[in-house]
Amino acid sequence: MTFPDPALDKIFRPSSVAVVGASDDASRISARPLRYLIERGYQGRIYPINPRREVVQGMKAYPSLSALPEAPDVAILAIPASLVADTLREGAAVGLKGAIIMSSGFAEAGDEGAAMQEEIQAVAREGGIRLIGPNCVGLFATEIGFYGTFTQSIDRDVPPPGGVAVVSQSGAYGGYIAYLASQRGLGINYWITTGNEADLEVGECIAWLAGRDDVKVIALYLEGVRKGPAFREGLARARAAGKPVIAMKVGRSAAGTRAAQSHTASLAGSDDVYDAVFREYGVYRTRTTDQQLDLAEACLNGVMPKGNRVGIITLSGGVGVQMCDAAEVYGLDVAPMPEEAGRKLKKLLPFAAVGNPIDTTAQVMNDMSLLSENIRIVLDEGGYDMIVFFLTTTPAAEAYTIPVRDAILNGLEGKRDKLVVLCMGATKEIRQSYKDMGFLVYQDADRAVQIAGALTDFGRVFAGEVPVAPFLPSPTLAKGGDPMSEYAAKRVLGAAGVPFLTEVLAQDAAAAVAAAEAAGGPVAMKVASADIQHKTEIGGVALNVAGADAVRDAFDRLSRNVRDKAPGARLDGILVAPMAPKGIEVIVGTVSDAVFGPVVMFGLGGVLVELMPDVTFQTAPFDLSTAREMIRRIRSWPLLDGYRGAAPADTEALARLLRDVSIFAAANAEGVESIDLNPVLVLEKGRGVVALDAVIEPRG
């Protein structure tokens, strides 16, 4: 099947629609879709279906799908769940290509409902019908007046046509977004609720929207994704098309995850993994509805800086400090004004603070040309990618509303490709007058800076090169393999490029002594057993062992500890290796996510990894540039970069290790559940990295 299916055009932009179960009673849910289609001026053909009535809401009604004069592009099913399967069979017989199933009582309702959902999936597949739902609120396409939904949120007002598309797994949240959008005049061209996703899921909806010229930004509400590859493909298409995706992903907390699963029978993956996927495809994750709507509206402006240098202009020094704090949080660089530009500003405004933020004080109110010239100097000579301007309540005063606006416009002459975000206290009408001139306007200083940071994130994503996943040869393991000892795991991972110390698996004390003598110094000795993953817990590790007698004693003690404390464990022998050199301890591992497959974890390692977690995640496989970015992502990055005069660590060797582990994990998606390399020592720059321990958990 082509992805996305061309048949989706008939669902999202139908030229004809059948409303199965259409009611004449305006108080019923099943009456709303037909009423909305009639009242909102749907441009296509409408076929109400109700076997008990000849006329429904003033329109001729038909007893069944098979009685229609044509096969409609899509059918809206507002009927009991028990009737859906047979209705789909009838639809398949007449050539129906799409169905919006509003009926509830399927997988979200328990085992019996899940069985009915499996039945309608099978019927739809066999009959070539694509499904939205069940248990969804429907969808609408504003431009053609298609309102195939029963949401009460558009009962009075609908969002105007515009460049935003909304995809929501929750009908209630989707309706809430539609209502708030209509209140603020935010244009929505497509609004889709997916419900239980028996067929069409969020990923394919995103892919279809990414291919539409009338979509400029996509807003998502997610509870959980089942088909990780399709979701990632949809996001990849949106990124390639330069269309920002703004996601509200719920389920950060354990309680939230449980609620999401019970609400739509979704399988919610690890929240850290969702963050990794969003990061990979440039998706901006919001935490509030207002933030999501503000950012969607801002994206329609179309200005997304590729650089992050922000000039902060303010009439209040205190708020300027607040905005500097916010800029650091949202990834913006409040670089100081160049000296020469600062001197020009000081000459222009003698009492101003001309560093950054630039506090003009109230001087500019006496001569608006000063404000225009201030803006020109900041942009022309300051080298900033954007301006965030705090105007206090000045525009609210009748004497200043238009002069301030015109002064800003004069200062921006020839520079409208620059992002300008205004923060002001003023009436809704005054703020709208500034918006009408192309400005982004907010009342909260933090939100103004936050939006600037988010738009910069999108600008960088769309300007950057799309990472290409590496496809290098890597050893593979069969699914259902036996548990592996540390020694066996190291042999496999060593072949994949992971560097380990030279070590010997000793079967007796004499072999251990010989290995220690060959090492030429103190050695580390560890039990090797596939049945013992945490060796320190049974006294299975001895460090700094020097001399033949000490090696024999350690061999006997470690073997005895296995017999006494893990009597059922199979002992392969005792590993003997040189003591590790000094380095910074990090952890590298992989896990097989239920939705997105192999994911690599990296962070601060050693015994503190669980006490003070500082880790980041990345879906596998990935290239060296992504690995380098991953290393810089953790809070402990300065330790690797030469903190307080220490020698920088070999982060390039670490990046190669992360890349190679990601390739191995991807190549073994079916055979490996997880990998744990902890600790990995990162040595001084130029000396490489070395993994001291290795665990591979096979996938059953």
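Ile584 has Val682 of strand β28 standing opposite. The model is a predicted one, in which local features need pLDDT of at least 70, side-chain atom pairs count only at pLDDT 80 or more, and totals for chains, interfaces and linings use all residues. Numbering starts from 1 along each chain as its sequence is written, and side-chain values use heavy atoms, with hydrogens and water left out.

The strand in question is β25, residues 584-593. Strands here are DSSP runs of E with at least two residues, helices are runs of H or I with at least four, and both are numbered from the N terminus. β25 is mostly covered, with seven of its ten residues buried (under 20% relative accessible area, with exposed over 50% and partly exposed in between; 1.4 Å probe, protein chains only).

Three residues separate β25 from β26, and the two strands form a hairpin.

Now the rings. The structure contains 13 aromatic pairs (Phe, Tyr or six-membered Trp rings with centres within 6.5 Å; planes under 30 degrees apart are stacked, over 60 edge-to-face, the rest tilted). In one of these, Tyr42 and Phe146 are tilted, with 5.5 Å between centres and 55° between planes. Tyr42 sits in the loop between α2 (32-39) and β2 (45-49) and Phe146 in strand β9 (residues 146-149), so this pair ties together parts that lie 104 residues apart in sequence. Tyr42 and Phe146 are both buried.

Tyr434 and Phe439 form another tilted pair, at 6.3 Å centre to centre and 45° between the planes. Both Tyr434 and Phe439 are buried. Phe439 also has a charge over its ring: the charged end of Arg416 sits 5.1 Å from the ring centre (the cut-offs are NZ of Lys or CZ of Arg within 6 Å of the centre and within 35 degrees of the ring normal).

Elsewhere, Phe231, Tyr274, Phe278 and Phe596 are linked by ring pairs into a cluster. Tyr274, a member of this cluster, has Lys249 over its face, at 4.5 Å from the ring centre.

Technical notes:
Two strands pair if DSSP finds at least two bridges between them.
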